Each structure stands twice: as C-alpha cells, then as structure tokens.
Amino acid sequence: MVTKQLLKDLPEDADLRRADSLAREIFSDIANKWALLIIEALGERTLRFGELRNEVEGVSHKMLTQNLRMLERNGLVEREVYPTVPPRVEYTLTEPGRALRATVDAICGWTHQYLGHIEGARRHFDA
C-alpha cells in the first residue's frame with residue numbers, strides 16, 4: 001500500500017486511505033468486475049453497445065450502461081454518437097483508459113497464472 005512518505009507531497013485527495021479522498025472514489029469506481037471486463041474488452045478497439053455486451057458475457061443491459069457512464073464520467077471511455085436512425089453509439093478507451101488497461105492486463109495475467117493455485121486453496125479451505 002502507499003506509505004505516508006510517498007504521499008507527503010501529494011494533495012489529500014490522492015490518499016486512498018482517506019474515506020473522503022477522490023482517489024478512493026475513483027478506485028471504488030474502477031475496481032469492480034464489470035468495469036475491468038469492459039476495459040479489457042475494449043482494448044485497442046472501438047465497439048458498439050451490442051458488441052460490448054456480447055464481449056462481456058453475463059453483463060446486463062443496466063450494468064453495462066451504468067459502468068459505461070461511470071467510465072465516461074471518469075474520462076476513461078469516450079462515447080461517440082452518430083446521428084442515424086436508430087442512433088449509432090460507439091465506445092473507445094481514452095489515453096488514461098488505455099493506460100489503465102495495462103494494469104487490467106496484468107491482473108488478467110495474474111489470474112491465469114494462479115488460477116490452479118487458487119482453485120486448490122479453495123478446495124482445501126472448503127473441505
């Protein structure tokens with residue numbers, strides 16, 4: 001975790017340990033399974049809502065909408081609306097979103113690497 005020494009020159013809003021910090025609010029927004037899966041699904045591509053829903057198996061229309069709005073609000077996803085009938089809407093990661101994707105990719109790699117270990121630990125714990 002971040003030490004006080006590392007935070008001494010940063011504004012209070014950057015301190016994840018503080019309940020009222022902006023950093024904690026942002027962390028809370030992006031540290032959910034749907035946000036992480038949406039970021040991973042978008043990758044370097046631009047996708048329409050339906051394409052994203054197909055990529056992120058199990059996400060409901062409501063949860064996808066809420067998470068896309070949150071990601072857009074935080075400047076991680078750009079939403080482009082085309083004036084067609086029906087309207088065509090596309091989603092793309094912004095530069096900060098692409099930077100976050102590197103972390104998401106690392107989390108996905110960690111999950112794949114330790115999947116067997118975690119399965120074994122769960123079996124042992126549940127026995």
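Glu90 is buried, with a relative accessible area of 17%; buried stands for under 20% relative accessible area, exposed for over 50%, and partly exposed for what lies in between (1.4 Å probe, protein chains only). The model is predicted: local features need pLDDT of at least 70, side-chain atom pairs count only at pLDDT 80 or more, and totals for chains, interfaces and linings use all residues. Residues are numbered from 1 along each chain as its sequence is written, and side-chain values use heavy atoms, with hydrogens and water left out.

**Glu90 and strand E3**

Glu90 belongs to strand E3, which covers residues 88-93. Helices (H or I, at least four residues) and strands (E, at least two) are DSSP runs, numbered from the N terminus. The side chain of Glu90 makes a polar contact with the side chain of Arg88, at 3.5 Å. A polar contact is a pair of N or O atoms within 3.5 Å; within protein, one must be able to donate a hydrogen and the other to accept it, and residues adjacent in sequence count only if both atoms are side-chain atoms. Leaving aside residues up to four places away in sequence, Glu90 touches Thr46, Leu47, Arg48, Glu78, Arg79, Glu80 and Tyr82. Contact here means heavy atoms within 4.5 Å.

The loop between strand E2 (77-82) and E3 holds Pro86. Val85 and Pro86 are joined by a cis peptide bond, with omega at about -10°.

**The chain as a whole**

The chain has six helices and three strands. Their order along the sequence is α-α-α-β-α-α-β-β-α. The radius of gyration of the chain is 18 Å, well over the 14 Å that the globule rule gives for 127 residues, so the chain is more spread out than a compact globule. This radius is taken over C-alpha atoms, and the globule rule is 2.2 Å times the number of residues to the power 0.38. The C-alpha trace spans about 50 × 45 × 25 Å along its principal axes.

Of the 127 residues in the chain, 27% are buried. Among contacts with a separation of 6 or more, 42% are between residues 24 or more positions apart. The chain exposes about 9100 Å², and carbon and sulfur atoms supply 55% of that area. Accessible areas come from the Shrake-Rupley method with a 1.4 Å probe; for residues, only the protein chains shown count as cover.

Helix H6 covers residues 95-126 and includes Arg101. Arg101 is buried, with a relative accessible area of 19%. Beyond residues up to four places away in sequence, Arg101 touches Ile39, Glu40, Gly43, Glu44 and Leu93.

Ala106 also lies in helix H6, and Ala106 is partly exposed at 47% relative accessible area. Ile118 is another residue of helix H6, and Ile118 is partly exposed at 28%.

Gly58 sits in the loop between helix H4 (49-55) and helix H5 (61-73). Gly58 is exposed, with a relative accessible area of 66%.

| Pair | Apart in sequence | Apart in space |
|---|---|---|
| Gly58 and Trp34 | 24 residues | 9.6 Å |
| Ala106 and Ser28 | 78 residues | 19 Å |
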